[in-house]
Amino acid sequence: VIDSADGLVVFGDHTCVIKFVDQPFVQGADGIKILKPIGDLSAAYLAYYLQAYPLPTDGYRRHFSLLKDYQVALPPLETQQAIVAEI
């Protein structure tokens with residue numbers, strides 16, 4: 001069981017599907033990456049950002065290498081929290 005009380009982002013490596021998870025869960029597939037933001041990046045903000053500005057997909061293949069190079073606009077944490085609250 002993965003404890004995600006602080007919030008995690010689940011990234012479908014083959015499909016680029018993004019999910020924000022803030023409750024315990026069990027990884028059911030090996031085609032996902034579990035992202036735990038560090039520093040002043042909110043997991044909920046990251047999930048909503050990636051849903052609003054998705055990665056370009058290239059069929060059913062691994063996309064994590066594209067995500068590693070993806071640039072996310074990073075406003076101050078208070079602004080991120082306000083955006084998430086508004087959504």
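This is a predicted model: local features need pLDDT of at least 70, side-chain atom pairs count only at pLDDT 80 or more; totals for chains, interfaces and linings use all residues.
Analyst: Val 9 stands opposite Leu 35 in strand 3.

User: Which residue is the bridge partner of Val 9 in strand 2?

Analyst: That partner is Phe 20. Strand 1, residues 8–12, pairs with strand 2, residues 18–21, in the antiparallel sense, over four bridges. Strand 1 also runs antiparallel to strand 3, residues 32–35, and four bridges join them.

User: Is strand 1 mostly covered or mostly open?

Analyst: A residue is called buried when its relative accessible area is under 20%. Strand 1 is mostly covered, with five of its five residues buried. Leu 8, Val 10 and Gly 12 point one way from the strand, while Val 9 and Phe 11 point the other way.

User: What should I look at in the hairpin of strand 1 and strand 2?

Analyst: Five residues lie between the two strands, and Cys 16 takes a positive phi near 65° in this hairpin.

User: How many salt bridges does the structure hold?

Analyst: Side chains of opposite charge can pair when their charged atoms come close. The structure holds one salt bridge. In it the side chains of Arg 62 and Asp 13 meet, at 3.1 Å from N to O. The pair links distant parts of the chain, 49 residues apart: Arg 62 is in the loop between helix 1 (43–52) and helix 2 (64–68), and Asp 13 is in the loop between strand 1 and strand 2.

User: Are Arg 62 and Asp 13 buried or exposed?

Analyst: Arg 62 counts as partly exposed because its relative accessibility is 37%. Asp 13 counts as buried, because its value is 2%.

User: How is a pair of aromatic rings described?

Analyst: Two values are used, the distance of the centres and the angle of the planes. The count here comes to three aromatic pairs. Among them is the tilted pair of Phe 11 and Phe 64, with 6.4 Å centre to centre and 50° between the planes. Phe 11 lies in strand 1 and Phe 64 in helix 2, so the pair ties together parts 53 residues apart in sequence. Phe 11 is buried at 1% relative accessibility, whereas Phe 64 is partly exposed at 23%.

Another tilted pair is Tyr 45 with Tyr 49, at 5.9 Å centre to centre and 40° between the planes. These two tyrosines are separated by about one helical turn, because they are four residues apart in helix 1. Both Tyr 45 and Tyr 49 are buried.

User: Which residues form one aromatic cluster?

Analyst: Tyr 45, Tyr 49 and Tyr 53 form that cluster.

User: Where does the charged end of Lys 33 sit?

Analyst: The charged end of Lys 33 sits over the ring of Phe 64, 5.2 Å from the ring centre.

Conventions:
Residues are numbered from 1 along each chain as its sequence is written. Side-chain values use heavy atoms; hydrogens and water are left out. Buried means under 20% relative accessible area, exposed over 50%, partly exposed in between (1.4 Å probe, protein chains only). Two strands pair if DSSP finds at least two bridges between them. A salt bridge is a side-chain nitrogen of Lys or Arg within 4 Å of a carboxyl oxygen of Asp or Glu. Rings of Phe, Tyr and Trp (its six-membered ring) pair if their centres lie within 6.5 Å; planes under 30 degrees apart count as stacked, over 60 as edge-to-face and the rest as tilted. A charge sits over a ring if NZ of Lys or CZ of Arg is within 6 Å of the ring centre and within 35 degrees of the ring normal.
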